[in-house]
Structures are given as structure tokens and as C-alpha cells.
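Subject: Structure handover

Hello,

Here is the structure for you to look at. My notes follow below it.

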Amino acid sequence: MSTERKRNARLFDVDRSSVSSEGYSLDGKLDSQRHSDILQKRETLPVRKQKNEFLDVLKKNQVIILVGQTGSGKTTQIPQFVLEAVEVETSVKRPKMMVACTQPCPVAAVSASQRVAEEMNVIVGEEVGYSICFEDNISDKTVLKYLTDGMLLREAMAKPLLEMYRVIIIDEAHERTLATSVLFGYLKLVLGMRPDLKLVVMSATVEAKLQDYFDGAPLMKIYCVHHPVDIFYTMKPESDFLGATIRSVVEIHQREEPGDILAFLTRQEEIEEACHRISEEIGKLGNKVGPVEIVYLHSTLPPDMQQKIFEPAPPPLVEDGPPGRKIVVSTITAETSLSIDRIAYVIDPGVVEQKFYDSRVGVKFLMVSPVSRDRADMRASLAGRTVPGKCFRLYTERSYNQDRHAQTDPEILRSDLGSIVLILKKLEVPDLRHFMNLPAEEALTRALKELSDLGALDDKGNLTKLGNMMSKFPLDPQMAKMLVVSPGFNCSNEILSICAMLSGFDKVKARFVDTDGDYLTLLNVYNEFKRNKEDLSWCDTNFINYSVLKSAQNVRQHLVQCMSRCGIEMCRTYLYGPEYYDNISKAILAGYFMQVAHLECTGDYLTVKGNQYVHLHPSNFLGGKPEWVVYHEIVSTSMNFIRTAMDVRGEWLVDIAPPRYYLKNFPNSEAKQILELLEKWKEEQRKWEREESKNKRYVPRKRGEEVGSREVHRKQEREESRNKRYVLSSNCAWKREESKNKRYVPRKRGEEVGSREVHRKQEREESRNKRYVLSSNCAWKREEEVGSREVHRKREREDRERQWEERKRKCATRKQ
Ligand SMILES: Nc1ncnc2c1ncn2[C@@H]1O[C@H](COP(=O)(O)OP(=O)(O)OP(=O)(O)O)[C@@H](O)[C@H]1O
């Protein structure tokens with residue numbers, strides 16, 4: 001324990017001379033008053049009373065399961081107990097061994113590390129740090145690391161035995177996220193190989209299966225006092241749960257005793273709207289009611305805004321006036337990941353937005369569905385954590401008892417397993433079915449099939465070179481492939497920005513719309529943000545969330561690092577060049593060729609995966625209804641909508657997807673007929689090319705003997721091109737000499753002025769100035785100046801719409 005004593009002395013040594021007035025000293029640590037308040041508060045947490053018991057069990061066992069209600073202090077206290085109990089080496093003494101504590105979502109990891117850093121009076125990122133997808137805040141000094149469960153799996157790819165950790169704590173096991181379920185299986189293997197490693201599994205509910213899974217590991221319960229909670233139901237079902245939630249909040253604030261309110265809603269936009277309307281409604285009540293602090297919470301909220309949920313309610317406006325109240329409007333994030341004190345009223349509309357994956361048809365859905373009974377009980381219990389409370393359920397008692405599942409399915413049973421299978425393949429896990437909560441065989445088979453269609457797995461199911469690279473990106477396999485292959489389409493820079501924007505920014509802004517597709521709109525927003533030097537006021541003027549863009553920028557930086565580690569080339573496609581749109585669309589299609597839909601006669605889109613009829617989401621800004629679209633996700637509300645879509649061409653589909661992919665997947669439909677024709681045409685072309693190439697032989701520079709095949713010739717061409725220097729002719733135009741070797745020469749011989757780069761730049765400039773004209777047969781031809789790229793696209797769209805109307809008319813006639 002000598003190391004421990006030394007470490008404590010360093011951690012808690014605060015320089016009191018530099019204390020500032022806001023509760024923090026100049027070195028970023030807490031002042032003594034605030035620190036002692038925090039320490040006093042933590043002493044009241046139920047888990048503190050069982051510290052010795054816990055340490056005793058931990059000492060004697062390799063695995064321990066700990067069960068305690070939310071708010072009992074598991075997340076913040078147990079890792080600190082562990083730090084005291086085990087010999088964690090500091091930076092002074094190598095090799096370093098840390099304590100890891102996993103959380104199901106990034107918000108929880110950041111918040112817990114902040115709180116524990118405050119309790120230990122250190123700066124976040126030093127002794128206590130966090131690591132979440134696209135953000136690390138750790139240093140050589142870090143001994144306690146909060147990280148998402150997904151990040152721990154990724155760390156295992158680099159160090160399969162997780163040698164850097166002495167103790168691993170898996171928190172919120174009851175959430176049964178996909179990564180946590182897989183971690184259980186993986187850690188069981190690692191524990192067998194590393195007797196020195198200890199595992200603590202923490203859960204808010206008793207999970208009997210867990211004990212069996214870890215060969216009868218001891219289960220320890222934390223005893224908490226819980227206050228009574230009265231539950232109220234509505235008399236009849238509520239159809240508008242957003243409106244009902246807002247009304248309930250306002251009524252509680254007018255009529256009920258003091259105490260903070262927690263209201264659950266489904267998604268970020270809804271939460272923002274609710275906060276706005278609640279503030280308006282309460283504002284209208286004037287001084288009759290106390291002041292309110294309305295805060296919202298969702299999983300992608302930046303840390304500084306998360307912290308607001310822990311601040312106390314505002315004081316009364318005047319002495320003896322009505323008391324203030326804090327109102328938290330949250331997604332499921334507040335259910336278990338973050339415990340908020342002093343909540344006395346919970347409003348539960350009985351719905352939750354969840355991701356589902358239908359493995360039979362291979363389609364991902366984002367769906368609002370009824371909460372299960374165990375989740376509803378969890379929500380209600382939050383009202384009685386620190387004071388007696390009330391829970392208002394905006395559904396009937398009958399609905400609670402009869403229409404809801406007893407438990408939420410573990411995520412592994414309703415997820416696309418692609419990313420996880422890719423990680424497990426990289427980890428060389430021998431038997432994928434070995435893991436707890438074994439997914440349906442079908443889901444696993446589909447994931448393997450999809451990865452092999454993407455080119456990540458070979459015929460024997462082993463990781464290919466492409467798959468190996470894809471596994472290094474913390475993205476889903478489609479997105480990872482799009483990024484890895486983007487240099488082939490000369491647009492890795494643009495695809496990087498699109499990936500970063502897709503990871504958080506989903507609201508398309510009308511002002512930046514590109515009618516060719518929502519992906520390009522996202523890219524426009526990002527580019528404009530950079531062009532305006534990341535200016536906050538620019539974001540405000542354009543109603544764009546500054547912090548989301550900053551986080552996209554951060555994601556982008558991380559992806560750039562991943563790219564450079566993998567040796568992937570960074571290149572950009574010229575913004576005004578004729579290939580800008582084509583290159584980007586093709587790269588997106590290379591990753592998302594499975595997410596393609598065709599416009600059918602009925603006016604609906606038919607998806608290739610799962611053959612679902614879907615509609616374009618109202619938030620899209622595509623010009624008209626393109627014949628083929630590639631989309632990012634399906635959102636299921638009143639109908640199935642495809643969100644974030646882009647117009648693509650039929651011939652690209654057969655070029656980019658694996659051969660016959662669409663023909664195998666599409667049912668007998670219009671789309672299939674078109675694709676069959678395209679495939680046939682493509683096959684003919686390939687055959688012709690093969691024959692051509694078979695007969696063709698190349699000759700050396702000196703006339704006469706044959707020296708090699710097409711390959712040899714190409715290699716030679718590449719080498720020549722690398723060394724080639726370009727010259728600029730007097731009239732600044734470039735011409736290819738009609739020789740076999742196709743070298744560039746000036747029209748008139750002149751001095752040498754530049755390399756291949758100069759030549760490219762010139763080509764780009766030419767292309768920027770080039771304009772389109774309509775030839776007599778309604779095909780577009782580049783010649784005299786009549787319009788820009790935009791005009792050209794507009795005409796193309798109009799043509800398409802005309803064709804579409806024509807097709808609809810024909811269909812109607814056929815039906816008659
Ligand atoms: N970032 C923070 N700022 C202020 N208080 C916090 C913060 N994080 C946690 N707390 C407080 O610390 C106490 C213990 O929370 P902790 O998260 O450790 O409980 P828990 O048992 O792990 O609950 P859960 O299962 O919800 O994580 C709670 O009263 C909580 O409000």
C-alpha cells in the first residue's frame with residue numbers, strides 16, 4: 001500500500017494559496033469549502049456503508065457482481081474503493097496498470113469522470129480520465145479511466161489481454177447493451193488467461209443469469225432506503241404524448257409541492273421543442289408561480305451542458321415567494337446512466353425511441369415503441385430516490401398491465417451485428433456463438449454475409465485486407481468501407497467530412513441545400529462552417545448548433561488520425577469540377593450499396609434490402625423524386641421513411657456492388673427488370689473488353705519485338721507519368737501527342753514550366769469555366785456557353801420528372 005499512500009498525498013495536495021472565488025482554484029482544482037461539501041455529500045451515499053464488505057469480497061474473488069439501486073453511488077464510489085484496494089502503479093513506477101469502468105453511453109462516462117475528479121480533487125484527464133468514441137481525455141498519470149463499453153472492446157483489438165488494466169468494472173449491466181453483452185463473453189476468455197485481472201459487474205437489478213455465467217461469482221447487494229412513490233395513470237390513452245407531457249409539467253409546477261420534475265421524451269428535436277413550449281407556458285403565468293430552470297438531456301449533449309442537470313433549482317424570486325423548480329426533459333439517458341438528485345415528479349409518456357434491426361429482411365429501423373414494464377418501474381423509482389415522489393404515467397393502467405413486455409430485449413437481440421462481428425473477427429474469437437445472450441443464428445449468418453458482400457471477409461470467413469482496415473474505424477462497416485475506398489474515387493476529404501457530420505448532425509438546413517442529396521447538404525454545412533472560421537455568430541445566424549459542428553470537427557480529426565495510421569491517402573475532388581458530384585456519390589454507394597431504393601410505378605420507393613415500400617422523409621431536399629436513391633437510415637413513425645438520401649444512377653449500381661448483388665436481392669419488380677438490362681449490358685461490355693485485351697499485345701518503343709502484356713504496359717505508363725514534367729505552351733493549352741506512349745507535349749514547343757500537378761490545376765480551372773449546352777437531340781454536350789453545372793442538373797431533374805410523369809401515365813393506362 002505504499003504506492004497508494006504516495007498517490008493519495010499527491011492527489012489531495014491542493015495549493016490553497018491560489019484559490020479563486022468561484023469554487024475552483026487557479027490550477028483547475030476545487031477550493032477547500034466546495035471540496036469538503038462534496039466529500040460530505042458522498043459520505044451519505046448508501047454504498048459508502050458497505051465499503052469494507054466490498055473490499056473484502058473483491059480481495060477473495062476474481063469476479064464479483066454488485067447490485068444496487070440507481071443513485072446508490074456505484075458508478076462514482078466503487079472505482080475509488082478499487083483504487084484504494086489494489087496496487088495501481090503510477091507513472092513513476094512502470095508498467096502502469098489502471099482501473100477501467102465502462103459506461104453504456106458517452107454522456108455517462110464523461111459525467112462520472114468529472115464527478116470523481118472533483119471528489120479526488122484532481123483535474124479530469126490527469127489521474128482520472130475518460131475515453132469515448134472520438135474523444136480521449138487521459139494522460140500518463142491516469143489511473144482510473146471511465147470509458148464506453150464499445151471503447152473497451154476496441155482497446156482489446158490493440159491489446160487482446162487488456163494488460164493495461166488491473167481491474168475492469170462493467171457498470172449498468174442491466175442495460176444489456178450490445179457491447180456489454182459481447183464484453184462478458186470476451187472477458188470470460190481473458191479472465192481464464194489472466195489470473196491477476198479482476199472483474200466487477202455492477203447492475204441496478206438482480207441478474208441471476210450473470211451469476212451462472214460467471215461460474216457462481218458472489219453477488220453483493222447495496223442496501224438503499226427508498227421513499228414511497230404514488231403512481232397515477234390517465235383514464236384514456238393519450239395520442240399526443242408531447243402535448244400531454246408539456247401540460248403535465250405546467251400543471252405540476254402550478255399545483256404541486258416543491259420538488260424537481262423529470263419528464264421523458266423520445267428524441268432530441270422533441271425535447272428541444274418541449275423545453276421551448278414549457279418555458280413559454282410558464283412565462284405566461286407570471287409571478288403567480290416560482291422561477292424555473294429548464295434543462296434538457298440527451299446522449300449527445302456536450303459535457304458543459306450535461307453538468308446543468310446537477311445544479312440546484314433556482315431560489316424564489318422574492319423572499320417568501322413561490323419556490324423555484326428544476327425541470328429536466330430527457331431521453332432514456334436519465335433512466336439509469338445519470339442519477340439526478342431531488343427529483344420528486346416523474347412524467348412518463350410510456351414510449352421510447354429505439355434502434356431495431358430486422359435480420360430477416362436486413363433493415364435497420366429507428367422506432368418509437370412502448371416502454372417495457374421494467375423500464376416504466378425504473379422511471380417511477382427515480383421520483384423516490386431522495387424524497388417521496390409521484391409518477392404520472394401518460395397511459396392507462398390497462399396498457400401497463402396488458403400491452404407491454406415485462407422486460408426490454410437485450411440490444412444484441414435487436415441489433416445489426418456487423419460491427420461487432422468485425423471486431424470479434426479481428427480479435428480472432430474462435431466461436432462467435434460462445435457469447436452470452438446468443439443472438440438468433442439468422443442474425444449472425446446475415447452479419448457474416450453482409451461483411452462478405454462488403455469485401456471485409458473472404459470465402460473462408462477470414463478477415464481480408466480491406467476488412468482489417470475497416471475494423472480499425474469506430475464506425476459501422478458500411479461507413480468504414482465508404483471511407484477506406486474513398487481515395488479510389490478521389491474524394492477522401494469530402495467523405496471524411498460527411499462521415500463526421502453523419503455521426504451527430506442530422507438536421508438538414510434549407511439554406512445549404514444541395515438538391516443532389518442530403519449528404520452533400522451536410523458537406524456544404526461543414527465546409528461553410530470552416531470557411532467562416534468556425535464562427536459562433538455564423539452558427540447562430542444560420543440556426544445551426546455550434547457544439548454539434550465542433551463535435552463533428554473533432555470526429556473528423558479522429559478519423560484523419562485513423563486514416564493516417566492505416567496509410568490511407570488523403571485527396572480531394574475539385575469542388576467545381578464536373579466529377580465532384582459523381583465521385584462523392586460513387587464513394588457513398590461503395591459503402592452503402594445495400595441501402596438503395598428504386599422509385600416504383602406506384603410512386604413509392606422499394607428498398608433492395610428487405611423489399612420494403614418506403615417514402616422520402618419530409619426533411620429531405622432532393623429535387624423531385626429520383627429513380628434510384630441511396631439512403632442512410634429508415635425511420636419508422638406513421639410510415640416508413642428513408643432519411644438522408646442521395647440521387648444515384650442505375651449504371652453505377654451494377655458497377656459498384658458485387659456482381660449480381662441486386663438481382664439476387666430484388667423481388668420481381670420494375671427495378672429488377674431495369675437492373676437485369678443494366679447487368680446484361682455491363683456483362684457484354686466486360687466480355688468485349690476481355691476479348692480486346694486478350695488479342696492486344698504491346699510493342700516496345702523500338703519497333704519490332706513484342707515485350708509484354710497490358711499489365712506491363714500500364715506499369716510502364718504509371719512510372720513514366722510519375723517522372724513526367726509538363727510544359728506549358730504559348731496558348732496555355734495541353735495536347736496529347738498521338739503516340740503510343742501518350743505523352744503530353746505543348747502545342748508549340750516551349751520551356752518546361754511545371755509538373756503533373758500544374759497540369760491538373762490547369763485542367764481543373766478549365767473545367768470550372770466550362771459550361772453546358774443543350775444539343776438538338778436533348779442530350780447535354782459541353783460546348784458553347786449557356787449555363788452552369790446547376791443549370792445542367794436542373795435540366796436533368798426536369799427531364800427525370802417528365803419521364804416519371806410519363807411512366808405514371810403509362811401505368812395508369814395499363815391498369816385501366
Ligand atoms: N457529474 C456529477 N455532478 C454532480 N453530482 C453527481 C455527478 N455524477 C453523479 N453525481 C451524484 O453522485 C451520486 C451518486 O451517483 P452514482 O452515479 O455514483 O450512482 P449510481 O448508483 O451509480 O447510479 P446509476 O446506476 O444511475 O449510475 C448521485 O447523488 C448523483 O446525483
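Helices (H or I, at least four residues) and strands (E, at least two) are DSSP runs, numbered from the N terminus.

Two points on the source. This is a predicted model, in which local features need pLDDT of at least 70, side-chain atom pairs count only at pLDDT 80 or more, and totals for chains, interfaces and linings use all residues. Residues are numbered from 1 along each chain as its sequence is written, and side-chain values use heavy atoms, with hydrogens and water left out.

The chain overall

The chain has 29 helices and 27 strands. Of its 816 residues, 52% are buried. Buried means under 20% relative accessible area, exposed means over 50%, and partly exposed lies in between (1.4 Å probe, protein chains only). The chain exposes about 39700 Å², with 49% of that supplied by carbon and sulfur atoms. These areas come from the Shrake-Rupley method with a 1.4 Å probe; for residues, only the protein chains shown count as cover. Contact means heavy atoms within 4.5 Å. Take the contacts between residues at least 6 apart in sequence: 69% of them join residues at least 24 apart.

Helix α19 and its partner α22

Start with α19 (residues 492-502). Eleven of its eleven residues are buried. Among them are Glu 494, Ile 495, Ile 498 and Leu 502. The buried residues of α19 pack against α18, α20 (518-531), α22, α23 (580-592), β20 (628-636) and β21 (640-648).

How do α19 and α22 cross? The axes of α19 and α22 (residues 546-566) come within 8 Å and cross at roughly 130 degrees. That makes α19 oblique to α22. Axes are lines fitted to C-alpha atoms, for helices over the stretch in contact, and angles run from 0 to 180 degrees between N-to-C directions. Angles under 35 degrees count as roughly parallel, over 145 as roughly antiparallel, 65 to 115 as roughly perpendicular and the rest as oblique. The α19 and α22 crossing is right-handed. A crossing is right-handed if the near helix is turned clockwise from the far one by less than a right angle, and left-handed if anticlockwise.

On the α19 side, the contact uses Ser 492, Asn 493, Leu 496, Ser 497, Cys 499, Ala 500 and Met 501. They meet Leu 549, Ala 552, Val 555, Arg 556, Leu 559, Val 560 and Met 563 in α22. The residues of this contact divide into ten nonpolar, three polar and one charged. Here Ala, Val, Leu, Ile, Met, Phe, Trp, Tyr, Cys and Pro count as nonpolar, Asp, Glu, Lys and Arg as charged, and the others, Gly among them, as polar.

Gln 478 lies in α18 (residues 477-485). Gln 478 is buried, at a relative accessible area of 1%. Leaving out residues up to four places away in sequence, Gln 478 touches Lys 364, Glu 450, Leu 454, Gly 591, Tyr 592, Gln 595 and Lys 609.

In α15 (residues 418-426), the buried residues are Gly 418, Ile 420, Val 421, Leu 422, Ile 423 and Leu 424. Their cover includes α16 (441-454), α17 (465-471) and α18.

Positive phi values

Just after α15, Glu 428 takes a positive phi of about 55 degrees. Asn 121, not a glycine, has a positive phi near 55 degrees. Asn 121 sits in the loop between α5 (106-120) and β3 (128-132), and is buried at 2% relative accessible area. Phe 134 is not a glycine either, yet has a positive phi of about 70 degrees. Phe 134 is buried, at 11%.

Best wishes
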